[in-house]
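Reader: I'm new to this one. Could you walk me through how to read it?

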Amino acid sequence: FERQDGRSQKQRLLVVANRLPVSAVRKGEDSWALEVSVGGLVSALLGVNEFEASWIGWSGVNVTDEIGQRSLTEALAEKRCIPVFLDQETVHQYYNGYCNNILWPLFHYLPLPQEDRLATTRSFQSQFAAYKKANQMFADVVNAHYQEGDVVWCHDYHLMFLPKCLKEYNSKMKVGWFLHTPFPSSEIHRTLPSRSELLRAVLAADLVGFHTYDYARHFVSACTRILGLEGTPEGVEDQGKLTRVAAFPIGIDSDRFIRALELPPVKYHIKELQERFAGRKVMLGVDRLDMIKGIPQKILAFEKFLEENPDWRDKVVLLQIAVPTRTDVPEYQKLTCQVHEIVGRINGRFGTLTAVPIHHLDRSLDFHALCALYAVTDVALVTSLRDGMNLVSYEFVACQASKKGVLILSEFAGAAQSLGAGAILVNPWNITELASSIGYALTMCAHGREKRHHHNFLHVTTHTSQEWAETFVSELNDTVVESQLRTRQ
Ligand code: G6P
């Protein structure tokens, strides 16, 4: 990247996401324990050497005193993280309310139950106001750290107002916005009372990115049908101003998973798991405990499979890792109870004194244990009812070089568009079809498994998270240059 003074140096990248990739626990008045969580986005940016990246986001903790805020800011600075301090009421209305009770379900085509919908209507205005206020607070922090030439990359449904707030501060700021969830059909988006304001706020960005071409197409349709703007092959045009809209499918840092399998602690875990489940096929689900993940559908299909195939009852086990998430939102609390009830019923029905068919864990696993689990799995089940991409399917494939297990994948996950040819694609709403896919996967011949695995492994190892991040940012730089040239003409 060339600076204006001719000296070459790394371009600064400000990544803005609701949550920082670091969790903080207060140890004293001014001391903090920080733990870095390496999710998809973090590992994507760790591998990109071209930029000097900093991260701006909510610390996830409620810190109201000045000493606490100052000391946390200093501690986070060492990790190149900059906190946005949100008060509890804002978190409640913005994060639990507007983000996770309204936008998240709607973008995944999940209508709220009728009584919640009515309650939501009453509190809708205050939640939307908190959403805008929170976005403005993020913008204030970005603006305070912004230097000319920086690229600002905003992430996800929490921050749809951010591009607008940033451009109001400085119309020359290079702003990209990326959605990690699906963008639904315009007919779904138009049911949202704040549909137009949200679209206009996003359109303030220079470049808008989605995981799949379909999500990009839905977004452009929403802009043309709801706002009456013009959709072009490049994006959306409003009175001569073009917002570029395109698909940038994310990947994973596949080398990190492949290398992990060679580490002694992972090898040890693998051996332990192989001994523990000797003589049984291992099926695996790894999900946040979220209604979009289709966990009830998955375990009901497993129950049907056991019901119809008594010979398999002592020969297969389903390990379901269900990571608790958004536990203050009532819909998530209801889902937890529902899943526990179904798992309990199935284990009661098919368990023996020495074994149960489902091992359900309400917690996350550390990276090494997770890699080992992926490596010993015979069949992975990804049954999302809708999912922006789903990187669990990618992680599983990356860890299967020796076993060549089978991936059962929902056709409603973004990943179905890239791993479809190497997976068994299913409609998770069809429990009968899902149950027979389990049987098909468990009995697939070695040649069939190898062929499918080869296809997926090639994709996962060549379409990495690093490549995704580099492509998006370079496209954003190009978009801004092109638009400057256009306005000069
Ligand atoms: C999804 C969203 C992310 C979010 C993550 C975890 O993947 O797209 O933006 O960070 O879920 O959810 P949480 O509410 O715990 O941040």
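Reader: How many bridges join strand E12 to strand E13?

Author: First, this is a predicted model: local features need pLDDT of at least 70, side-chain atom pairs count only at pLDDT 80 or more, and totals for chains, interfaces and linings use all residues. Residues are numbered from 1 along each chain as its sequence is written. Strands (E, at least two residues) and helices (H or I, at least four) are DSSP runs, numbered from the N terminus. Two strands pair if DSSP finds at least two bridges between them. Here, eight bridges link E12 (residues 281-288) with E13 (residues 316-323), and the two run parallel. Lys-281, for instance, sits opposite Val-316 in E13.

Reader: Which strands make up the open sheet, and in what order?

Author: Six strands, paired in parallel, go E14-E13-E12-E15-E16-E17. E14 (358-361) and E17 (424-426) are at the edges with a single partner strand each, so one side of each has no neighbour in the sheet.

Reader: Which residues are around the ligand?

Author: The idea is that a residue is near a molecule if its C-beta atom, placed from the backbone, lies within 6 Å of it. In this model those are Asn-18, Arg-19, Asp-156, His-180, Thr-181, Thr-325 and Arg-326.

Reader: How many of the shell residues are nonpolar, polar or charged?

Author: Ala, Val, Leu, Ile, Met, Phe, Trp, Tyr, Cys and Pro count as nonpolar, Asp, Glu, Lys and Arg as charged, and the others, Gly among them, as polar. This shell has four polar residues, three charged and no nonpolar ones.
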